[in-house]
Amino acid sequence: MELVIIDNTQRQRLEVEVDGHPSVLEYRIEGATLVIRHTEVPEALAGRGIASALMKHAVDMARANAMQVEPRCAYAASWLRRHPDQADLVVGDT
């Protein structure tokens, strides 16, 4: 399944719609840090890797813009712990 993730900069969130259900990753830019505030995937889409795809997109976006990533939601912190190859971007606690 190829996801089309949209960066809605006005609302400061990544968005994707699957089977009519929206999923989001909310962020805020603080200086040179991409702060990940919240991820939300509807129960109907659970287990399909959507939250992971949103996180990967956020990390790629941060890396492309020479930013660090600060996880402020439990899912983001957990995802970053499971992807130690991204540790060079992380600030704050995971």
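What you are looking at is a predicted model, in which local features need pLDDT of at least 70, side-chain atom pairs count only at pLDDT 80 or more, and totals for chains, interfaces and linings use all residues. Residues are numbered from 1 along each chain as its sequence is written, and side-chain values use heavy atoms, with hydrogens and water left out.

Let's start with the whole chain. It holds two helices and five strands, where helices (H or I, at least four residues) and strands (E, at least two) are DSSP runs numbered from the N terminus. Read from the N terminus on, the order is β-β-β-β-α-β-α. The radius of gyration is 12 Å, close to the 12 Å from the globule rule for 94 residues, so the chain is as compact as a globular protein of that length. That radius is taken over C-alpha atoms, and the rule is 2.2 Å times the number of residues to the power 0.38. Along the principal axes, the C-alpha atoms fill a box of roughly 35 × 30 × 20 Å.

How much of it is tucked away? Of the 94 residues, 37% count as buried, meaning under 20% relative accessible area with a 1.4 Å probe, protein chains only. As for contacts (heavy atoms within 4.5 Å), residues 24 or more positions apart account for 41% of those with a separation of 6 or more.

Now zoom in on helix α1, residues 50–64. At 1.5 Å a residue, its 15 residues should span 21 Å, and its end C-alpha atoms are 21 Å apart, which agrees; the expected span is 1.5 Å times one less than the number of residues. Its buried residues are I50, A51, L54, M55, A58, V59, M61 and A62. In general, an α-helix has 3.6 residues a turn, so residues three or four places apart point the same way. The buried residues of α1 pack against β1 (6–8), β2 (13–18), β3 (21–30), β4 (33–40), β5 (68–71) and α2 (74–82). Just after α1, A66 takes a positive phi of about 55 degrees.

Finally, step back to the loop between β4 and α1, where you'll find L45. This leucine, L45, is buried, with a relative accessible area of 1%. Setting aside neighbours within four places in sequence, L45 is in contact with V18, D19, H21, S23 and I50. L45 and P22 are 23 residues apart in sequence, and their C-alpha atoms are 9.5 Å apart in space.

Key. Buried means under 20% relative accessible area, exposed over 50%, partly exposed in between (1.4 Å probe, protein chains only).
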